[in-house]
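Take a look at the model below.

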Amino acid sequence: MVTDVSKIRSVAVVSHSGAGKTSLVEAMLYATGVNTRLGRVNDGTSMCDYNSDEIERKITINSKVLHVNWKDQRFYLLDTPGYADFIGEVISALVACDSGVVLVDAVSGVEVGTERVWQLLTERNMPKMLFVNKLDKENADFFSVLAELKARLGKECTAFRFPVGKEASFSETVDLLNSKELEKLSGEDKTKAQELRKELIEAIAESDDELLEKYLDDQELDAASINKALRPAVLSGKIIPVFCGAVTQEIGVKDVLEAIGEYL
């Protein structure tokens, strides 16, 4: 059992209705071995939405607390409702949490409920990250959603992963912090990924005076310095990580677990 408080995270999973909060939590339960099968909302097999009304309506009505162990850490995950009718459940959940994971539908983009939960997290000065979900769906567009996130939620929203493939061909994500991973890309994808990596490095440099001085002097920022600066930047809200994936296809789920442990 994890008893070191520095290795314990309490995280609210929030979004507009239908963005995939419960599916993400289910995928994390499965990825960490809490559940031996991947629970699905549409099949009524979710561990989170277990009461009859939730199973019938295929929505979360009451917030649920579940926990997973990831490496040497423990995460308490609060799966919250998305419908505005149940916003009280979200507000109550945030009182018990240290940070938030905000899901955004890759087709619909930023919605009314997205802005509402964002406001609640911001009012409480809670560290947060974004997860652009459902990149496997028709008309999903990570880059237009990323631009919308920056425009409507803040320029601090910064991509940490790059999607490989689009819609039905979406297959994985690439770590923008790891320049070697970009070598697996080619053509326009590689160009876009390099641009997003540059934006990420600039954001990290701007969050730390010492790094910024090195960056402006055209000195290379080493991985150790970057990693050291990242968590303080996220906790202070200077950087808001943007991850992406398709949780029902189990793509990007472990990235979220890693991000919670590393940055939140």
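**Cysteines and salt bridges**

Cys 157 is buried, with a relative accessibility of 0%. Here buried means under 20% relative accessible area, exposed means over 50%, and partly exposed lies in between, with a 1.4 Å probe and protein chains only. Cys 97 also counts as buried, at 9%. A disulfide is a pair of cysteine sulfur atoms within 2.5 Å. By this rule the structure has zero disulfides.

A word on the basis. This is a predicted model, in which local features need pLDDT of at least 70 and side-chain atom pairs count only at pLDDT 80 or more, while totals for chains, interfaces and linings use all residues. Residues are numbered from 1 along each chain as its sequence is written, and side-chain values use heavy atoms, with hydrogens and water left out.

Now the charged side chains. Side chains of opposite charge can pair when their charged atoms come close. A salt bridge is a side-chain nitrogen of Lys or Arg within 4 Å of a carboxyl oxygen of Asp or Glu. The structure holds eleven of these salt bridges.

Start with Lys 7 and Asp 72. Their side chains form a salt bridge, at 2.8 Å from N to O. Lys 7 sits in the segment before strand 1 (8-15), and Asp 72 in the loop between strand 2 (64-70) and strand 3 (73-79), so the pair ties together parts that are 65 residues apart in sequence. Strands (E, at least two residues) and helices (H or I, at least four) are DSSP runs, numbered from the N terminus. How accessible is Lys 7? Its relative accessible area is 30%, which is partly exposed. Asp 72 is partly exposed too, at 43%.

Next, go to the helices. Lys 150 and Glu 199 form a salt bridge, with their closest N and O atoms 3.8 Å apart. Lys 150 belongs to helix 5 (residues 142-152) and Glu 199 to helix 6 (residues 187-206), so this pair links distant parts of the chain, 49 residues apart. Lys 150 is partly exposed at 27% relative accessibility. Glu 199 is partly exposed at 36%.

A further salt bridge joins Glu 172 and Lys 184, at 3.7 Å from N to O. Glu 172 lies in strand 8 (residues 172-175), while Lys 184 lies in the loop between strand 8 and helix 6. The two are twelve residues apart, and the pair links distant parts of the chain. Glu 172 is partly exposed, at 33% relative accessibility.
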